[in-house]
Amino acid sequence: MMSTVFIQTLFVICWYARIITGAPWDISTSDVLEMTYPFETSTIYWPTTERRFSLDIVIRGPSGNISWYESNNYGANEHGGTHLDSPSHFFQGRWRVHQIPTKNLIGQGIKVDMSSKAATNPDAWLEVADLEKWEKENGQIPDASILFVYTGWGKYYTNRTRYLGTDTNDTNKLHFPGISPAAANWIATNRKVYGVGIDTASIDYGQSKTFEVHVALFEKNIYGLENVADLNQLPTKGSTVYAFPMQIKDGSGAPVRIVAVLNSDTSTSVASRIQITWVLLVMSYLLIQW
(Lines give C-alpha, C1' and ligand atoms only; values in the text may rest on other atoms or scores of the structure.)
Protein backbone atom coordinates (compact mmCIF):
# COMPACT_ATOMS: atom_id res chain seq x y z
CA MET A 1 0.00 0.00 0.00
CA MET A 2 2.80 2.40 0.98
CA SER A 3 4.73 1.70 -2.24
CA THR A 4 1.63 2.46 -4.35
CA VAL A 5 1.09 5.79 -2.58
CA PHE A 6 4.76 6.60 -2.98
CA ILE A 7 4.76 5.91 -6.72
CA GLN A 8 1.56 7.90 -7.27
CA THR A 9 2.86 10.83 -5.25
CA LEU A 10 6.22 10.83 -7.04
CA PHE A 11 4.43 10.79 -10.40
CA VAL A 12 2.39 13.85 -9.41
CA ILE A 13 5.55 15.67 -8.29
CA CYS A 14 7.34 14.94 -11.56
CA TRP A 15 4.32 16.05 -13.59
CA TYR A 16 4.04 19.27 -11.58
CA ALA A 17 7.78 19.94 -11.91
CA ARG A 18 7.56 19.72 -15.69
CA ILE A 19 4.77 22.31 -15.75
CA ILE A 20 6.45 24.72 -13.33
CA THR A 21 9.98 24.57 -14.70
CA GLY A 22 8.77 24.64 -18.28
CA ALA A 23 9.23 22.33 -21.18
CA PRO A 24 12.00 23.13 -23.68
CA TRP A 25 11.22 26.43 -25.43
CA ASP A 26 9.97 26.01 -28.96
CA ILE A 27 10.36 29.37 -30.68
CA SER A 28 7.93 28.26 -33.39
CA THR A 29 5.08 28.43 -30.88
CA SER A 30 5.68 32.13 -30.22
CA ASP A 31 5.26 35.17 -32.40
CA VAL A 32 8.50 37.00 -33.16
CA LEU A 33 8.30 40.72 -33.93
CA GLU A 34 11.05 42.40 -35.96
CA MET A 35 11.63 45.90 -34.60
CA THR A 36 14.55 46.91 -36.83
CA TYR A 37 14.63 48.89 -40.07
CA PRO A 38 17.00 47.55 -42.75
CA PHE A 39 20.12 49.64 -43.37
CA GLU A 40 20.20 51.11 -46.87
CA THR A 41 20.97 54.36 -48.67
CA SER A 42 17.65 55.87 -47.51
CA THR A 43 18.26 55.09 -43.82
CA ILE A 44 17.38 58.01 -41.53
CA TYR A 45 20.31 59.83 -39.90
CA TRP A 46 20.54 62.98 -37.81
CA PRO A 47 20.51 65.89 -40.29
CA THR A 48 24.07 67.00 -39.50
CA THR A 49 25.55 63.51 -39.94
CA GLU A 50 28.20 63.48 -42.64
CA ARG A 51 28.83 59.76 -43.05
CA ARG A 52 25.63 57.87 -43.80
CA PHE A 53 25.23 54.21 -44.61
CA SER A 54 26.98 52.95 -47.71
CA LEU A 55 27.34 49.47 -49.15
CA ASP A 56 29.95 48.96 -51.84
CA ILE A 57 29.89 45.71 -53.75
CA VAL A 58 33.33 44.13 -53.94
CA ILE A 59 32.19 41.07 -55.84
CA ARG A 60 28.88 39.48 -56.65
CA GLY A 61 29.25 36.61 -59.08
CA PRO A 62 31.59 33.78 -60.10
CA SER A 63 35.09 33.90 -58.67
CA GLY A 64 37.75 31.57 -60.01
CA ASN A 65 36.65 28.01 -59.35
CA ILE A 66 33.76 29.20 -57.14
CA SER A 67 30.42 29.33 -58.96
CA TRP A 68 29.08 32.17 -56.80
CA TYR A 69 30.67 34.52 -54.26
CA GLU A 70 29.50 37.75 -52.60
CA SER A 71 31.44 40.29 -50.53
CA ASN A 72 30.81 43.97 -49.74
CA ASN A 73 32.36 46.89 -47.91
CA TYR A 74 30.11 49.02 -45.72
CA GLY A 75 30.42 52.15 -43.61
CA ALA A 76 28.25 54.45 -41.51
CA ASN A 77 28.01 56.75 -38.51
CA GLU A 78 27.06 54.95 -35.28
CA HIS A 79 23.83 56.91 -34.82
CA GLY A 80 21.45 56.19 -37.66
CA GLY A 81 18.60 53.87 -38.53
CA THR A 82 17.54 51.57 -35.72
CA HIS A 83 20.40 52.04 -33.29
CA LEU A 84 21.48 51.99 -29.68
CA ASP A 85 22.81 55.05 -27.86
CA SER A 86 25.27 53.96 -25.22
CA PRO A 87 25.21 56.01 -22.00
CA SER A 88 28.63 57.49 -22.84
CA HIS A 89 26.99 59.28 -25.78
CA PHE A 90 25.84 62.07 -23.45
CA PHE A 91 27.47 61.36 -20.10
CA GLN A 92 31.19 61.14 -19.42
CA GLY A 93 32.39 58.02 -17.65
CA ARG A 94 29.31 55.92 -18.36
CA TRP A 95 29.15 52.68 -20.37
CA ARG A 96 30.30 52.57 -23.95
CA VAL A 97 28.74 49.98 -26.25
CA HIS A 98 31.06 47.10 -25.36
CA GLN A 99 30.66 47.80 -21.63
CA ILE A 100 26.88 47.36 -21.48
CA PRO A 101 26.28 44.02 -19.68
CA THR A 102 24.77 41.41 -22.00
CA LYS A 103 21.94 40.76 -19.53
CA ASN A 104 20.89 44.40 -19.87
CA LEU A 105 20.13 43.81 -23.54
CA ILE A 106 17.32 41.36 -22.72
CA GLY A 107 14.21 42.34 -20.80
CA GLN A 108 10.45 42.38 -20.61
CA GLY A 109 9.05 44.72 -23.22
CA ILE A 110 6.91 47.54 -21.83
CA LYS A 111 5.05 49.92 -24.16
CA VAL A 112 3.61 53.27 -23.16
CA ASP A 113 1.29 54.66 -25.83
CA MET A 114 1.30 58.42 -26.41
CA SER A 115 0.22 58.22 -30.06
CA SER A 116 -3.06 60.07 -29.49
CA LYS A 117 -1.15 63.11 -28.18
CA ALA A 118 1.38 62.96 -30.99
CA ALA A 119 -1.37 62.77 -33.62
CA THR A 120 -2.41 66.33 -32.86
CA ASN A 121 0.96 67.77 -31.83
CA PRO A 122 4.26 66.86 -33.51
CA ASP A 123 6.13 68.35 -30.54
CA ALA A 124 4.23 66.31 -27.95
CA TRP A 125 5.96 64.96 -24.83
CA LEU A 126 5.53 61.81 -22.83
CA GLU A 127 4.82 63.22 -19.38
CA VAL A 128 5.06 61.82 -15.85
CA ALA A 129 1.24 61.68 -15.79
CA ASP A 130 1.31 59.29 -18.76
CA LEU A 131 3.66 56.94 -16.91
CA GLU A 132 1.56 57.11 -13.74
CA LYS A 133 -1.58 56.38 -15.76
CA TRP A 134 0.11 53.37 -17.37
CA GLU A 135 1.07 52.00 -13.96
CA LYS A 136 -2.41 52.53 -12.58
CA GLU A 137 -3.77 50.37 -15.40
CA ASN A 138 -0.97 47.80 -15.71
CA GLY A 139 0.97 47.72 -12.45
CA GLN A 140 4.43 49.06 -11.72
CA ILE A 141 6.94 49.09 -14.54
CA PRO A 142 9.06 45.99 -13.78
CA ASP A 143 12.72 46.13 -12.89
CA ALA A 144 15.08 44.92 -15.63
CA SER A 145 12.58 45.79 -18.38
CA ILE A 146 13.04 47.70 -21.62
CA LEU A 147 10.59 50.60 -21.83
CA PHE A 148 9.30 51.71 -25.23
CA VAL A 149 7.47 54.94 -25.99
CA TYR A 150 5.02 54.54 -28.87
CA THR A 151 4.33 57.81 -30.66
CA GLY A 152 2.97 56.41 -33.92
CA TRP A 153 5.75 58.22 -35.80
CA GLY A 154 7.04 55.00 -37.35
CA LYS A 155 4.42 55.24 -40.08
CA TYR A 156 6.37 58.21 -41.46
CA TYR A 157 9.80 56.53 -41.50
CA THR A 158 9.90 56.16 -45.29
CA ASN A 159 9.09 59.88 -45.66
CA ARG A 160 12.15 61.65 -44.27
CA THR A 161 10.56 65.09 -44.40
CA ARG A 162 7.46 64.02 -42.47
CA TYR A 163 9.47 61.89 -40.05
CA LEU A 164 11.94 64.63 -39.10
CA GLY A 165 9.66 67.60 -39.72
CA THR A 166 11.96 69.16 -42.30
CA ASP A 167 13.59 68.41 -45.63
CA THR A 168 16.66 70.46 -44.67
CA ASN A 169 19.69 69.80 -42.47
CA ASP A 170 18.67 72.64 -40.14
CA THR A 171 18.16 71.05 -36.70
CA ASN A 172 16.16 74.13 -35.62
CA LYS A 173 13.38 72.90 -37.90
CA LEU A 174 13.10 69.40 -36.46
CA HIS A 175 9.63 68.46 -35.24
CA PHE A 176 8.79 65.04 -33.78
CA PRO A 177 7.53 63.79 -30.40
CA GLY A 178 9.70 62.68 -27.52
CA ILE A 179 10.02 62.23 -23.77
CA SER A 180 9.84 65.18 -21.41
CA PRO A 181 12.85 65.86 -19.15
CA ALA A 182 10.58 65.43 -16.13
CA ALA A 183 9.44 61.99 -17.33
CA ALA A 184 13.04 60.96 -18.01
CA ASN A 185 14.05 62.01 -14.50
CA TRP A 186 11.08 60.12 -13.08
CA ILE A 187 12.13 56.94 -14.91
CA ALA A 188 15.78 57.31 -13.92
CA THR A 189 14.96 58.02 -10.28
CA ASN A 190 11.98 55.75 -9.59
CA ARG A 191 12.33 52.72 -11.85
CA LYS A 192 15.14 50.30 -12.73
CA VAL A 193 14.77 49.76 -16.45
CA TYR A 194 17.64 48.64 -18.66
CA GLY A 195 16.84 50.84 -21.64
CA VAL A 196 14.32 53.25 -23.14
CA GLY A 197 13.30 53.09 -26.81
CA ILE A 198 11.18 55.20 -29.12
CA ASP A 199 9.86 55.16 -32.71
CA THR A 200 11.31 58.59 -33.58
CA ALA A 201 14.80 59.85 -34.38
CA SER A 202 15.54 60.73 -30.74
CA ILE A 203 14.33 60.07 -27.22
CA ASP A 204 14.41 63.87 -26.84
CA TYR A 205 11.77 65.66 -28.90
CA GLY A 206 12.78 67.34 -32.13
CA GLN A 207 13.02 70.89 -30.75
CA SER A 208 15.36 69.93 -27.90
CA LYS A 209 18.64 71.83 -27.80
CA THR A 210 20.07 70.48 -24.54
CA PHE A 211 19.10 66.79 -24.81
CA GLU A 212 18.11 66.59 -21.16
CA VAL A 213 16.39 63.22 -21.62
CA HIS A 214 19.59 61.64 -22.88
CA VAL A 215 21.53 63.13 -19.99
CA ALA A 216 19.05 62.07 -17.28
CA LEU A 217 18.84 58.45 -18.47
CA PHE A 218 22.47 58.01 -19.44
CA GLU A 219 23.72 59.22 -16.06
CA LYS A 220 22.04 56.09 -14.66
CA ASN A 221 23.53 53.88 -17.41
CA ILE A 222 20.11 53.46 -19.04
CA TYR A 223 20.74 53.17 -22.77
CA GLY A 224 18.57 54.53 -25.57
CA LEU A 225 17.02 52.83 -28.60
CA GLU A 226 15.98 55.12 -31.45
CA ASN A 227 14.16 54.69 -34.77
CA VAL A 228 12.54 51.53 -33.43
CA ALA A 229 10.31 49.82 -36.00
CA ASP A 230 6.77 48.42 -35.71
CA LEU A 231 6.07 49.53 -32.15
CA ASN A 232 2.38 49.49 -33.06
CA GLN A 233 2.61 45.68 -32.99
CA LEU A 234 4.32 45.41 -29.61
CA PRO A 235 1.87 44.54 -26.81
CA THR A 236 1.57 46.79 -23.79
CA LYS A 237 3.44 44.21 -21.71
CA GLY A 238 4.22 40.50 -21.66
CA SER A 239 6.83 40.28 -24.43
CA THR A 240 10.53 39.54 -24.11
CA VAL A 241 12.75 41.95 -26.02
CA TYR A 242 16.27 41.28 -27.29
CA ALA A 243 18.28 44.35 -28.34
CA PHE A 244 21.76 43.35 -29.52
CA PRO A 245 23.99 46.10 -30.94
CA MET A 246 27.07 45.64 -33.07
CA GLN A 247 29.78 45.12 -30.46
CA ILE A 248 31.84 48.23 -31.21
CA LYS A 249 34.65 48.64 -28.70
CA ASP A 250 34.50 52.14 -27.20
CA GLY A 251 31.47 52.97 -29.34
CA SER A 252 29.09 55.74 -28.32
CA GLY A 253 26.38 53.92 -30.25
CA ALA A 254 25.84 51.17 -32.78
CA PRO A 255 23.35 49.66 -35.19
CA VAL A 256 21.10 47.33 -33.19
CA ARG A 257 18.92 44.34 -34.08
CA ILE A 258 15.80 44.44 -31.92
CA VAL A 259 13.32 41.57 -31.80
CA ALA A 260 10.50 40.80 -29.42
CA VAL A 261 9.15 37.36 -28.60
CA LEU A 262 5.44 37.86 -28.05
CA ASN A 263 3.20 35.77 -25.81
CA SER A 264 6.27 34.75 -23.82
CA ASP A 265 5.70 33.47 -20.30
CA THR A 266 7.07 36.12 -17.97
CA SER A 267 4.92 35.14 -14.99
CA THR A 268 7.52 32.78 -13.57
CA SER A 269 11.09 34.02 -13.54
CA VAL A 270 14.06 31.75 -14.06
CA ALA A 271 15.12 32.28 -10.46
CA SER A 272 11.72 31.29 -9.07
CA ARG A 273 11.63 28.21 -11.29
CA ILE A 274 14.98 27.12 -9.91
CA GLN A 275 13.73 27.62 -6.35
CA ILE A 276 10.59 25.59 -7.05
CA THR A 277 12.68 22.84 -8.62
CA TRP A 278 14.81 22.57 -5.49
CA VAL A 279 11.69 22.34 -3.33
CA LEU A 280 10.39 19.51 -5.50
CA LEU A 281 13.71 17.67 -5.27
CA VAL A 282 13.66 17.94 -1.46
CA MET A 283 10.09 16.64 -1.41
CA SER A 284 11.14 13.71 -3.57
CA TYR A 285 14.05 12.91 -1.23
CA LEU A 286 11.79 12.98 1.83
CA LEU A 287 9.34 10.64 0.11
CA ILE A 288 12.15 8.23 -0.67
CA GLN A 289 13.22 8.26 2.99
CA TRP A 290 9.61 7.68 3.98
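These legends go with a set of close-up views of one predicted protein model. Residues are numbered from 1 along each chain as its sequence is written, and side-chain values use heavy atoms, with hydrogens and water left out. Since this is a prediction, local features need pLDDT of at least 70 and side-chain atom pairs count only at pLDDT 80 or more, while totals for chains, interfaces and linings use all residues.

View 1. Helices (H or I, at least four residues) and strands (E, at least two) are DSSP runs, numbered from the N terminus. Of the 290 residues, 42% are buried; buried means under 20% relative accessible area, exposed over 50%, and partly exposed in between (1.4 Å probe, protein chains only). Take the contacts (heavy atoms within 4.5 Å) between residues at least 6 apart in sequence: 74% of them join residues at least 24 apart.

**View 2. Y37 and Y157 are a stacked pair of rings.** The model holds 10 aromatic pairs. Rings of Phe, Tyr and Trp (its six-membered ring) pair if their centres lie within 6.5 Å; planes under 30 degrees apart count as stacked, over 60 as edge-to-face and the rest as tilted. Here the centres are 3.6 Å apart and the planes sit at 0°, so Y37 and Y157 are stacked. Y37 is in the loop between β1 (31-34) and β2 (54-63), whereas Y157 is in the loop between β7 (145-150) and α4 (160-164), 120 residues apart. Both Y37 and Y157 are buried.

**View 3. W46 and F176 meet edge-to-face.** Their ring centres are 6.4 Å apart and the planes are at 80°, so this pair counts as edge-to-face. W46 lies in the loop between β1 and β2 and F176 in the loop between α4 and β8 (178-179), so the pair ties together parts 130 residues apart in sequence. F176 is buried, at a relative accessible area of 0%. Look for the other members of the aromatic cluster too: W46, F90, F176, F211 and F218 form it together.

**View 4. The charged ends of K111 and R162 sit over rings.** For this label, NZ of Lys or CZ of Arg must be within 6 Å of the ring centre and within 35 degrees of the ring normal. K111 has its charged end over the ring of Y150, 4.9 Å from the centre. For R162, the ring is that of Y156, with 4.1 Å to the centre.

**View 5. Helices α3 (residues 128-138) and α5 (residues 181-190) pack at about 45°.** Their axes are 8 Å apart. Axes are lines fitted to C-alpha atoms, for helices over the stretch in contact, and angles run from 0 to 180 degrees between N-to-C directions. That angle makes α3 oblique to α5: under 35 degrees would be roughly parallel, over 145 roughly antiparallel, 65 to 115 roughly perpendicular, and the rest is oblique. On the α3 side, V128, L131, E132 and E135 make the contact, and on the α5 side A182, A183, W186 and I187 do. The buried residues of α5 include W186 and I187.

**View 6. N227 and D250 have positive phi without being glycine.** N227, with phi near 55°, is found in the loop between β10 (223-226) and β11 (239-245). D250, at about 65°, is in the loop between β11 and β12 (253-262). Buried or partly exposed? N227 is buried at 2% relative accessibility, whereas D250 is partly exposed, with a relative accessible area of 42%.
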